[in-house]
Amino acid sequence: MCALQVNALASLDTLWSKRPLIISGPCSAETRTQVTETALRLKATGKVDMLRAGIWKPRTKPGLFEGVGRKGLPWLQEARELTGLPIMVEVATARQVEEALAHQIDVLWIGARTTVNPFSVQEVADALAGVSIPVFIKNPINPDLELWAGAVERIERSGIKNIGLIHRGFSTFSQTPYRNAPLWHLAIEMKLRFPKLVFINDPSHICGRRDLLGEVMQRAIDLDVDGLMIESHIQPEQAWSDAAQQVTPEVLATLLSELVWRSEDSSSDAYHSALDQLRQQINQLDEEVLQLLARRMQVAEQIATYKQENNITILQAGRWQEIMERTLRRAGELQLSRTFITQYLDALHMESISHQQQILDKNKPTAG
Ligand code: PEP
Ligand code: MN
């Protein structure tokens, strides 16, 4: 192993704990010059820690550019020699893992189209057995946290110690301005499930268009992500893949400099005591909401008893419709979003029906 590679690898452990960790590079490696020039210009910004590039591109439809393949790996090695930036590629098969390792790639990532498939993830995991290399796992295309968590477990079981998560948004049917809906609540849940893993946001694949990048980057760092992976290209409009979402290294530097980095904590006493008071209020309010919900269920149970005595079904669509309409109208006046209140009412209704069902089951007449 040459000295430069040793240096790159030695600094990788330090980098793993660097905050924020900024990864950038083209969606796809296209030519040697494109890779090395992007790397040099990224390095010149002084804001980028790792160089990414897709070598094998899993495309949704055939006929699109599917990556330059293994011949692009030496271009990345050259870019690392020129800049000292560790290099990172996507792998989806055992063969790709072997080729990446043979070219001393520093970091690997598993793409969204691979995370959806446990067979593929297992194949990659098996190829990684006994290897020491950091691996990032992107969320699966569909909003399914179990698949994402399953991929983490498979890679963990292969003995990989440094695992990171990349939130790149999800494919949904709902209309959003994004290419992939961020569904922030799922990202938060995954971050809470795996608090020790490095958690990165990929605004490029969420946005699908460069004009939205800034706001998504800010939103992500406000949720305290550990870093960002953003696609960059020397001529974004001419990119062979994902042209609409890439930015030049210089535009990336501007976007990064415009971000407001808020710290998760502050050492100021005034801040802590103000926050403590507000948190106590929240705890108190949560307690009251719980008490009210419990009382609401008790009333629903009393209603169930009457319904049973009079032989009436639990579900009465008309009555529920009336509750929905009234609550949604009132919620609007109270600045509570329709989406939130609809989800809340659905959950409330299910719980209420289940309480009523228990009453009916308990008092069921015995046969005979
Ligand atoms: C990529 O990072 O270029 C890529 C293919 O991303 P994803 O797997 O998130 O679609
Ligand atoms: Mn891409």
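Predicted model: local features only at pLDDT ≥ 70, side-chain atom pairs only at ≥ 80, totals over all residues.

User: What makes up the β-α-β unit, and which hand does it have?

Analyst: It consists of β3, helix α4 (residues 94–102) and β4, and it is right-handed. That label means the path from the first strand over the helix to the second runs clockwise when the strands point away from the viewer.

User: Why do you say both faces of β4 are covered?

Analyst: In a regular strand, side chains alternate between the two faces of the sheet. In β4 (residues 107–110), V107 and W109 sit on one side, L108 and I110 on the other, and all of these are buried. Buried is under 20% relative accessible area, so neither face of β4 is left uncovered.

User: How do you know that the length of α7 fits a helix?

Analyst: Helix α7 (residues 145–157) has 13 residues, and at 1.5 Å a residue it should span 18 Å. Its end C-alpha atoms are 18 Å apart, so the two values agree.

User: Which residues of α7 are buried, and what caps its N-terminal end?

Analyst: The buried ones are L145, L147, W148, A149, A151, V152 and I155. The cap is D144, with a side-chain oxygen 2.9 Å from the backbone nitrogen of E146. The cut-off for a polar contact is 3.5 Å, so 2.9 Å is within it. After α7 comes G159, with a positive phi near 100 degrees.

User: Why is the pair E78 and R32 called a salt bridge?

Analyst: Their side chains meet at 2.7 Å, N to O, and the limit is 4 Å, so the pair passes. E78 is in helix α3 (residues 73–83) and R32 in helix α2 (residues 32–45), so the bridge ties together parts 46 residues apart in sequence. Relative accessibility is 25% for E78, which counts as partly exposed, and 47% for R32, also partly exposed.

User: What about D242: why is that residue called buried, and what is its salt-bridge partner?

Analyst: D242 has 15% relative accessibility, so it falls under the 20% cut-off and counts as buried. Its partner is R179, with the closest N and O atoms 3.1 Å apart. D242 lies in the loop between β8 (227–231) and α11 (249–258), R179 in the loop between β6 (163–167) and α8 (184–193), so this pair links parts 63 residues apart in sequence. R179, at 38%, counts as partly exposed.

User: How far apart in helix α13 are E333 and R330?

Analyst: They are 3 residues apart in α13 (residues 317–333), about one helical turn. E333 is at 52%, over the 50% mark, so it counts as exposed; R330, at 45%, is partly exposed.

User: Which residues form a salt-bridge network, and how many salt bridges are there?

Analyst: E37, R41 and E250 are joined into one network by bridges that share partners. The count of salt bridges comes to 17.

Conventions:
Residues numbered from 1 in each chain as written. Chains lettered and ligands numbered in written order. Heavy atoms only, no water. Helix = DSSP H or I, 4+ residues; strand = E, 2+ residues; numbered from the N terminus. Buried < 20%, exposed > 50% of the residue type's maximum accessible area, 1.4 Å probe, protein only. Expected span 1.5 Å × (residues − 1). Polar contact = N/O pair within 3.5 Å; in protein donor to acceptor, adjacent residues only side chain to side chain.
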